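Some comments on the model follow, as numbered points.

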Protein chains: 2
Amino acid sequence: MTNPDTDTSLSRLSRFGAGKDPAKRDQILDGANTVFSRMGFDAAGMADITREAGVSKGTIYVYFDSKDDLFAALIDRQREHLFRDIAATLDTPGGTADRLRAYGLTLTRLLCSSQVIEAHRIIIGIAGRKPDVGATFYEKGARRGMALLLAFLQDEIVAGRVLPCDTSRAAQQFVELCLAGLFRQRLMAYLPQPPDDDQIAANVDAALYVFCAAYAPDAQTTHAGVKHTVPEGKHSPD
Amino acid sequence: MTNPDTDTSLSRLSRFGAGKDPAKRDQILDGANTVFSRMGFDAAGMADITREAGVSKGTIYVYFDSKDDLFAALIDRQREHLFRDIAATLDTPGGTADRLRAYGLTLTRLLCSSQVIEAHRIIIGIAGRKPDVGATFYEKGARRGMALLLAFLQDEIVAGRVLPCDTSRAAQQFVELCLAGLFRQRLMAYLPQPPDDDQIAANVDAALYVFCAAYAPDAQTTHAGVKHTVPEGKHSPD
DNA sequence: CCGAAATCGAACTGATCGGTTCGATGTTGA
DNA sequence: TCAACATCGAACCGATCAGTTCGATTTCGG
């Protein structure tokens with residue numbers, strides 16, 4: 001009768017139901033992460049994951065319903081890990097540019113890391129066959145990270161430290177500027193290794209320079225030409 | 001004795017060797033294109049291509065050595081098609097901004113098209129397992145297209161219409177600005193359809209605004225602050 | 001030390017897929 | 001009309017793989 005979900009007696013604290021031990025679950029996910037990263041989704045075999053995780057095949061299927069389910073759980077776990085790092089950056093002390101730089105540095109370093117690149121490769125590779133998987137991945141990942149930057153930009157505009165503009169598009173532009181020359185090249189394995197910190201810093205500084213030239217109020221107030229009115233046009237797709 | 005490769009007699013003009021008929025070759029590539037686009041590389045079966053192309057399996061293997069070979073040939077054919085469209089844009093009449101706009105419009109429209117997106121999905125999906133495939137794809141595609149823009153920017157700098165800068169990085173930045181909010185979202189199927197012409201135009205105009213704010217000489221000469229000296233720092237990876 | 005339960009591990013199933021083979025078929029040049 | 005030849009099409013091969021089954025083994029609470 002003792003329901004394992006409601007039983008909080010001592011006897012249950014070190015004993016889990018079948019497929020309920022979080023340590024073993026993590027062990028499986030760690031192995032899956034290694035194998036998926038090394039081989040990609042289709043080429044990765046459950047036998048490989050079995051071997052890498054040091055867990056029997058039957059046990060994996062006790063913890064996860066299918067290969068797809070296992071992969072989805074893996075993505076979810078990684079994502080939460082990433083957000084912890086990014087969310088803090090915009091609360092950095094310093095001026096607008098400094099906080100943007102901190103955000104850009106962290107974002108660029110994380111997105112160009114082998115783990116994130118491999119995850120993107122897998123998602124993009126199946127996005128044609130399973131559009132909802134890709135869309136969900138973007139929604140819960142990039143879109144959520146973009147929302148942080150978007151809120152920051154809106155606050156800065158209210159404070160007069162950034163020119164009024166289509167914040168959604170400006171946020172997209174800043175991110176793409178940070179990733180310019182790195183992310184796409186990493187995805188296509190044209191850059192086999194993640195960029196080092198110097199390259200990232202140079203890229204983010206260059207992005208910041210361009211971004212400030214367009215959206216920093218001092219450049220605008222100094223140069224009062226009509227040519228540089230910030231277009232507030234239609235919202236960009238986001 | 002008559003070697004089919006060197007025999008130019010009339011008898012050979014309407015008769016091709018096995019696996020040498022360019023019309024049938026194209027027929028196979030058309031079918032392969034449809035199937036690869038619909039299903040992705042791994043999920044696409046040779047049987048599907050056989051059906052779609054209306055060609056027997058044996059014949060396909062007379063024209064192509066393997067699935068990989070077939071796919072490579074398909075990519076090569078598509079690429080040449082694209083370059084014809086892009087190469088012309090920078091020779092458009094008009095000022096610097098107009099020509100950049102023409103380039104950006106064409107580039108964005110093509111790269112966000114379903115054909116190109118699907119090709120990217122496949123390449124990126126296997127780039128982990130076969131890095132040389134991905135690298136070659138980037139080398140012969142994006143890199144070559146970037147070279148056009150790069151040469152253009154250098155000419156404009158010499159003519160004093162663009163500020164001296166790291167042209168390689170500036171070119172990357174312009175391209176990413178044009179694709180901001182569109183290309184990555186298309187790859188991940190967050191945008192199921194290609195953007196329409198209005199969206200593309202708005203995006204390219206926004207990109208152009210930002211790019212000009214940073215690299216147009218008039219804005220710089222007017223605003224002589226030290227803050228806006230264009231950094232000529234280390235070359236960005238390209 | 002016992003007994004229950006989770007896990008192991010190895011064999012097995014059923015299906016898919018890339019690639020091959022080979023006789024039948026249809027087209028073409030002579 | 002005939003002979004050569006590219007193509008067809010359907011069966012076939014060998015390998016791989018996701019997922020299942022089940023008895024043996026380990027683990028842990030009592």
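**Notes on the predicted model**

1. In this predicted model, helix α8 (residues 142–158) of chain A and helix α9 (residues 167–179) of chain A have axes that come within 9 Å and cross at roughly 120°. The crossing of α8(A) and α9(A) is right-handed.

2. On the α8(A) side, the contact is made by Met146(A), Leu149(A), Leu150(A), Leu153(A), Gln154(A) and Ile157(A). α9(A) contributes Thr167(A), Ser168(A), Ala170(A), Ala171(A), Phe174(A) and Val175(A). By class, the residues of this contact are nine nonpolar, three polar and no charged.

3. Chain B is superposed on chain A by a rotation of 180° with 0.0 Å of shift along the axis, at an RMSD of 0.1 Å. The two copies are thus related as by a two-fold rotation axis. Gly125(B) is the residue of chain B that comes closest to the rotation axis, with its C-alpha at 2.0 Å. Both copies use the same surface, as 100% of the contact residues of chain B recur in chain A.

4. Between the chains, 54 residues of chain B are in contact with 56 residues of chain A. On the chain B side, the elements that give two or more residues are α6 (114–127), α7 (131–140), α9 (167–179), α10 (183–187), α11 (197–215) and α12 (217–222). α11(B) gives the most, with eight residues. The side of chain B that touches chain A has 29 nonpolar, 16 polar and nine charged residues.

Technical notes: Residues are numbered from 1 along each chain as its sequence is written. Chains are lettered from A and ligands numbered from 1 in the order in which they are written. This is a predicted model: local features need pLDDT of at least 70, side-chain atom pairs count only at pLDDT 80 or more; totals for chains, interfaces and linings use all residues. Two residues are in contact if their C-beta atoms, placed from the backbone, lie within 7 Å. Helices (H or I, at least four residues) and strands (E, at least two) are DSSP runs, numbered from the N terminus. Ala, Val, Leu, Ile, Met, Phe, Trp, Tyr, Cys and Pro count as nonpolar, Asp, Glu, Lys and Arg as charged, and the others, Gly among them, as polar. Axes are lines fitted to C-alpha atoms, for helices over the stretch in contact, and angles run from 0 to 180 degrees between N-to-C directions. A crossing is left-handed if the near helix is turned anticlockwise from the far one by less than a right angle, and right-handed if clockwise. Copies are superposed by least squares on the C-alpha atoms of residues with pLDDT of at least 70 in both.
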